[in-house]
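Here are some notes for a colleague who is opening this structure for the first time. They take up a helix pair and then a few points of the backbone.

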Amino acid sequence: MHTDDDVDDSRGHAPSRASHPYFDDPSGVVALAHRGFALDGRENSLTAFGAAVDLGFRYVETDAHATSDDVAVALHDETLDRTTDAEGLVSELPWSVVGRALIGGVDPVPRLEDVLGTWPGLRVNIDVKSEHAIVPVAHAIERTASHDRVCVTSFSVSRRRATLAHLSRPVATSAASGEVARFLASHRARAGRLAARALRDVDALQVPVAQGRLRVVDAGTLAAAHVAGRHVHVWTVNDPVEMHRLLDLGVDGLVTDRADLLRDVLRSRGLWT
């Protein structure tokens, strides 16, 4: 049930900040290659991002930490241990050391600036993973003038806001955990205005289908987000059947480790351009 503050249009979207250029895709679906496309463990490498680009992807997702000398790097973990042939906390090591670590023993850890600069048309979803990464991430965006093609997100509201405060122009944004929780609670309380207010500072919700026993993405929450004028991107979806189900439901984007399978699904629906 919608409250009297709800609005409607042909797709369920109200006019919103989601008109940011980042969201402009001819297919109408934001297809995000999670940490690039790497089936061999070489996630967040330039090779993985290049493989996604070669498949035709216009969007990739990455994470960002920063070295002890303030170089933003595309890396999910706070340490080098899991994905590279080196060890140690990224924040305690200089770029001269981190830049020599090899992802999967093959590919160097890339600077975020290199990810943004290598493919000037590529849209990059950036999850700011630590307080130490805030300023280096902002500087990488500024140096590459990537404002129209990045989405800055974080599980922390304060971390996202601090990153935005160091930027000279607006970028697209996605909700933090607390904002998602307030949105869901307000929606379930049938408080439409409060649900919309929870998302007032962001353009999108990037969420899993469920969190434990809590269903995050269903027809109701999707409609409420669209009434608020926000995109809904679902992570991390690797099953083609689930991809089809979510697209039928009306989600605006999918994040996947299987960029090859998502491309095939979108092609089959006439949504791959």
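**Notes on a helix pair and on the backbone**

1. Please keep in mind that this is a predicted model. In it, helix α4 passes helix α5 in a right-handed crossing, and the contact is made by Ile-134, Val-137 and Ala-138 on the α4 side and by Arg-159, Ala-162 and Thr-163 on the α5 side. The residues of this contact divide into four nonpolar, one polar and one charged.

2. Two packed helices are described by the angle between their axes and by the distance between those axes. For α4, which covers residues 134–144, and α5, which covers residues 157–165, the angle is about 40° and the axes lie 8 Å apart. The two helices are therefore oblique to each other.

3. Most residues other than glycine have a negative phi, and most peptide bonds are trans. Against that background, Arg-35 has a positive phi, near 55°, and its place is in the loop between β1 (30–34) and α1 (46–55). Arg-35 counts as buried because its relative accessibility is 14%, where the cut-off for buried is under 20%.

4. Asp-70 also has a positive phi, near 65°, and is placed in the loop between β2 (59–66) and β3 (72–74). With a relative accessibility of 46%, Asp-70 counts as partly exposed.

5. Thr-236 is found in the loop between β12 (231–234) and α9 (240–249).

Note on methods
Residues are numbered from 1 along each chain as its sequence is written. This is a predicted model: local features need pLDDT of at least 70, side-chain atom pairs count only at pLDDT 80 or more; totals for chains, interfaces and linings use all residues. Side-chain values use heavy atoms; hydrogens and water are left out. Axes are lines fitted to C-alpha atoms, for helices over the stretch in contact, and angles run from 0 to 180 degrees between N-to-C directions. Helices (H or I, at least four residues) and strands (E, at least two) are DSSP runs, numbered from the N terminus. Angles under 35 degrees count as roughly parallel, over 145 as roughly antiparallel, 65 to 115 as roughly perpendicular and the rest as oblique. A crossing is left-handed if the near helix is turned anticlockwise from the far one by less than a right angle, and right-handed if clockwise. Contact means heavy atoms within 4.5 Å. Ala, Val, Leu, Ile, Met, Phe, Trp, Tyr, Cys and Pro count as nonpolar, Asp, Glu, Lys and Arg as charged, and the others, Gly among them, as polar. Buried means under 20% relative accessible area, exposed over 50%, partly exposed in between (1.4 Å probe, protein chains only).
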